[in-house]
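This briefing goes through one structure by topic. Please look over the sequence and the model first, then read the points below.

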Amino acid sequence: MEHRRFFIDLVKYWLSVGASRALPRLKTGIEVVFLLLTYKGYLRPDASALEVFGMHGLWHTKYYLKYIGHLDIFEINKTYSRLSRLALGTRKVSFYHQDSLIYLSETERKYDLVVADTPVAGGFFEADGLPRFWKDLIQVTAPRGIVIFNVLTEFVSSNRSFPTTVMKALHGRRLRDFFFVPRNDVMCYGVVVLDD
Ligand SMILES: C[S@@+](CC[C@H](N)C(=O)[O-])C[C@H]1O[C@@H](n2cnc3c(N)ncnc32)[C@H](O)[C@@H]1O
């Protein structure tokens with residue numbers, strides 16, 4: 001099942017790269033996020049990044065590798081973890097076949113950039129729309145670092161106070177910037193840039 005998913009998504013990845021070369025205005029949501037972070041001057045090209053639910057790395061990880069210096073990628077499924085080595089290569093990436101949530105809770109102020117897609121299993125969001133382990137995502141982020149998380153677009157549009165909720169939930173850190181970028185028909189990326 002994982003291998004089939006991998007080959008289908010590899011074909012989709014190359015199709016999207018080909019389409020984007022032919023029509024440069026075609027960008028995926030994650031590319032728009034990284035273009036904005038670069039233009040706004042928030043992202044250093046040598047940034048050290050963490051992705052906590054890596055899968056095979058073809059849905060969005062492979063698109064942003066060129067914008068960063070190094071990535072630690074965590075994936076609990078052994079087959080996906082192995083396949084992600086094929087997809088991403090080992091030049092810029094370290095692979096961890098382990099539970100990222102435990103690692104998150106034990107690590108402080110280490111990464112310039114933290115990416116949290118959903119783990120797919122239920123219970124990802126708190127009632128206020130934030131990831132359940134939001135505090136740990138903030139804690140693992142270095143001073144002036146960036147957190148990219150997934151949120152349901154419907155939740156953002158029907159809860160006007162959501163941006164305020166995010167701003168209040170920084171656990172003592174100050175906010176430099178905060179914006180949303182659509183990912184697909186139902187999800188968007190929330191991008192938090194810390195000031196300290
Ligand atoms: C939706 S996929 C992520 C897709 C990937 N971020 C991308 O866009 O290319 C979610 C993945 O998280 C993994 N996962 C779930 N819980 C995890 C945990 N506690 N630690 C590490 N990986 C986990 C699942 O095995 C699954 O492959």
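The buried residues of helix H2 pack against helix H3 (61–64), strand E5 (141–152), strand E6 (175–182) and strand E7 (187–194). Packing here rests on contacts, meaning C-beta atoms, placed from the backbone, that lie within 7 Å. Helices (H or I, at least four residues) and strands (E, at least two) are DSSP runs, numbered from the N terminus.

The model is predicted: local features need pLDDT of at least 70, side-chain atom pairs count only at pLDDT 80 or more, and totals for chains, interfaces and linings use all residues. Residues are numbered from 1 along each chain as its sequence is written.

**Helix H2**
- H2 covers residues 29–39, and Ile30, Val33, Phe34 and Leu37 in it are buried (20 or more other C-beta atoms within 10 Å of a residue's own; exposed is 12 or fewer, partly exposed in between; C-beta atoms are placed from the backbone).
- These residues lie on the same side of H2, because they cover an arc of only 90 degrees around the axis; the arc is that of the directions from the helix axis to the C-beta atoms.

- Met55 is not a glycine, yet its phi is positive, at about 55 degrees.
- The loop that holds Met55 runs between strand E1 (48–51) and H3.
- Met55 counts as buried, because it has 25 C-beta neighbours inside 10 Å.
- His171 also is not a glycine and takes a positive phi, of about 50 degrees.
- His171 sits in the loop between helix H8 (162–168) and E6.
- His171 is exposed, because 11 other C-beta atoms lie within 10 Å.

**Ligand shell**
- There are 20 residues around the ligand, and Phe53, Met55, Trp59, Asp117 and Pro119 come nearest; a residue counts as near if its C-beta atom, placed from the backbone, lies within 6 Å of the molecule.
- By residue type the shell has 10 nonpolar, seven polar and three charged members.
- In this division, Ala, Val, Leu, Ile, Met, Phe, Trp, Tyr, Cys and Pro count as nonpolar, Asp, Glu, Lys and Arg as charged, and the others, Gly among them, as polar.

- In strand E2 (residues 70–74), four of the five residues are buried.
- E1 and E2 are parallel and share four bridges; strands pair if DSSP finds at least two bridges between them.
- Leu50 is opposite Asp72 in E2, and Glu51 is opposite Ile73 in E2.
- Glu51 also stands opposite Val115 in E4.
- E1 and strand E4 (residues 111–116) run parallel, joined by three bridges.
- E2 is joined to strand E3 (residues 93–96) by four bridges, again in parallel.
- Leu71 has Val93 in E3 as its bridge partner.
- A right-handed β-α-β unit is made by E2, helix H4 (residues 78–88) and E3; right-handed means that, with the strands pointing away from the viewer, the path from the first strand over the helix to the second runs clockwise.

**Thr90**
- Thr90 is in the loop between H4 and E3.
- Thr90 is exposed, because 8 other C-beta atoms lie within 10 Å.
- From C-alpha to C-alpha, Thr90 and Trp134 are 29 Å apart in space, and they are 44 residues apart in sequence.

Conventions
Contact = placed C-beta atoms within 7 Å.
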